[in-house]
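Here are my notes on the model, written as numbered points. Please read them with the structure open beside you.

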Amino acid sequence: MFVFKRVVSVRGIIVPQCTSLSVRMFSACHCLTSPKRQSPYSSVDSERYSSLVKSVMSSRVSSQTPESLQAEDEHVFGPVVKAQTPSLSSSSGPKMRVPKTLHPFLHCQENPETDDLEQGPPARIALNRGQGRSSVPSVTRILQQTLSLDQIFYLERWRRKMIAELGEEGFKEYSQNLFRQGKLFHSALEDTLVSGGTQQNQSPSERPEYPTEVQGCMQSVSHILEDVRAVRAIESTVHHGTLNYLGIADCVARYRGVLCVIDWKTSEKPKPFLSNTYDNPIQVAAYAGALNNDSNYKYQVENGLIVVAYKDGSPGHAHQLKPELMQEYWKTWLVRLEEFTEQRSSHVSSAALEKR
DNA sequence: GGATCCTTCTTCTTCTTC
């Protein structure tokens, strides 16, 4: 009966008591998008269930209330993670929504593309939160707090599924291991790139020893690292002077001769397409835009690169983001930044009201 | 010295039929 009621409510026949939450969540779980499929309810004996249909369709006799529907929603989907303005954007590619203010991706200054800048060790500007930057939001925080409803839904569904399989403790351990692997992978890359381990003339004995846990990942990206040269920055803080956000870029280097902001990722699932990387391209565009507007860096970066490594050592994927695509993702980033700022200001004003 | 920050990852429909 429960399912039947839901089907009536999502086939375009409006049940008056249906909460907006129900509609939003059904939209989120894509129940509204299967026009080609024959409804499994088409074979239902409609005469036999006519009184039931009437009771569901009638606003007078229904026993449902917004409260009971919300309780049902919570039972099926879990509690609402947080209230959020639905994003028109999708995480799988450049977004449709346009930023209110189109801040330039590149800084208007001459780009001194000289070999001099490629001499010497790579920059590594440490994050210094002490110098009046304690309230400057980070790229990761902004992206996390402006996830679309779709993303929140699928992430939450995945989390619940994993907890059902592994238990709370098991899931915690699993997540910690993933983070640990990611961190070790970053450290191994750092060691490799700083010691010039991408040079083809380097013998295996000269290459750094990697922890067992990341040997597969390093093997996975070895063919990509061969094309990485002239490392200019590693794990270096970038701060956008005008937009006032910061982050730590994994690497700035030349990939196949092109200067890129590089982001290293480990993944359990194959990610052969850029669309498999969710918000990663936005993250890269955000770092590049910050770097281009950070006086600590005397050059501009127009390209991006996302490198995905696999633990089993299978060939990793390198997703290049050319300038046109970076500009598109930059716009998406500006939208997310605007959303974050709006959230923040509404939070501040409601907190001020509460104080009164 | 403790607390906090930035990262590190995680998502994308699913079943039937040939």
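1. Which residues around DNA strand B come nearest? The model is a predicted one. In it, 33 residues lie around DNA strand B, and Arg129, Thr140, Gly247, Ile248 and Tyr278 come nearest.

2. Among the atoms of DNA strand B within 4 Å of the protein, sugar or phosphate accounts for 61%, and bases make up the rest.

3. Two or more residues of the surface near DNA strand B come from each of α5, α6 (149-194), β2, β3 and α8.

4. Helix α6 gives the largest share of the surface near DNA strand B, with 10 residues. By type, the residues of this surface divide into 12 polar, 11 nonpolar and 10 charged.

5. Now the interior. In soluble globular proteins, nonpolar side chains tend to be buried together. The largest nonpolar core here has 35 residues, and the members that touch the most others are Tyr245, Val252, Tyr299 and Trp333. At least two residues of this core come from each of these elements: α5 (139-145), β1 (228-239), β2 (246-255), β3 (258-267), α8 (280-292), β4 (303-310) and α9 (323-355). Helix α8 supplies the largest share, 8 residues.

6. Setting aside residues up to four places away in sequence, Trp333 touches Val139, Ile142, Leu143, Tyr245, Ile282 and Ala286.

7. How many aromatic pairs does a search of the whole structure find? There are 7. In one pair, the ring centres of Trp158 and Phe171 are 5.6 Å apart and the planes stand at 70 degrees; an angle over 60 degrees counts as edge-to-face, so this pair is edge-to-face. Together with Tyr174, these two residues form one aromatic cluster.

8. Phe171 has a relative accessibility of 11%, which is under 20%, so Phe171 counts as buried. Trp158 has a relative accessible area of 37%, which lies between 20% and 50%, so Trp158 is partly exposed.

9. Is Ser220 buried or exposed? Its relative accessible area is 0%, so Ser220 is buried. Ser220 is in helix α7 (residues 212-225). Leaving out neighbours within four places in sequence, Ser220 is in contact with Val308, Ala309, Tyr310, Gly313, Ser314, Pro315 and Gly316.

10. Ser346 sits in helix α9. Its relative accessibility is 42%, which falls between 20% and 50%, so Ser346 counts as partly exposed. The side chain of Ser346 reaches the backbone oxygen of Gln343 at 2.9 Å.

Methods: Residues numbered from 1 in each chain as written. Chains lettered and ligands numbered in written order. Predicted model: local features only at pLDDT ≥ 70, side-chain atom pairs only at ≥ 80, totals over all residues. Heavy atoms only, no water. Core = buried A, V, L, I, M, F, W, Y, C linked by side-chain atoms within 4.5 Å. Buried < 20%, exposed > 50% of the residue type's maximum accessible area, 1.4 Å probe, protein only. Helix = DSSP H or I, 4+ residues; strand = E, 2+ residues; numbered from the N terminus. Contact = heavy atoms within 4.5 Å. Near = heavy atom within 4 Å. Nonpolar A, V, L, I, M, F, W, Y, C, P; charged D, E, K, R; others polar. Phe/Tyr/Trp six-rings, centres within 6.5 Å; stacked < 30°, edge-to-face > 60°. Polar contact = N/O pair within 3.5 Å; in protein donor to acceptor, adjacent residues only side chain to side chain.
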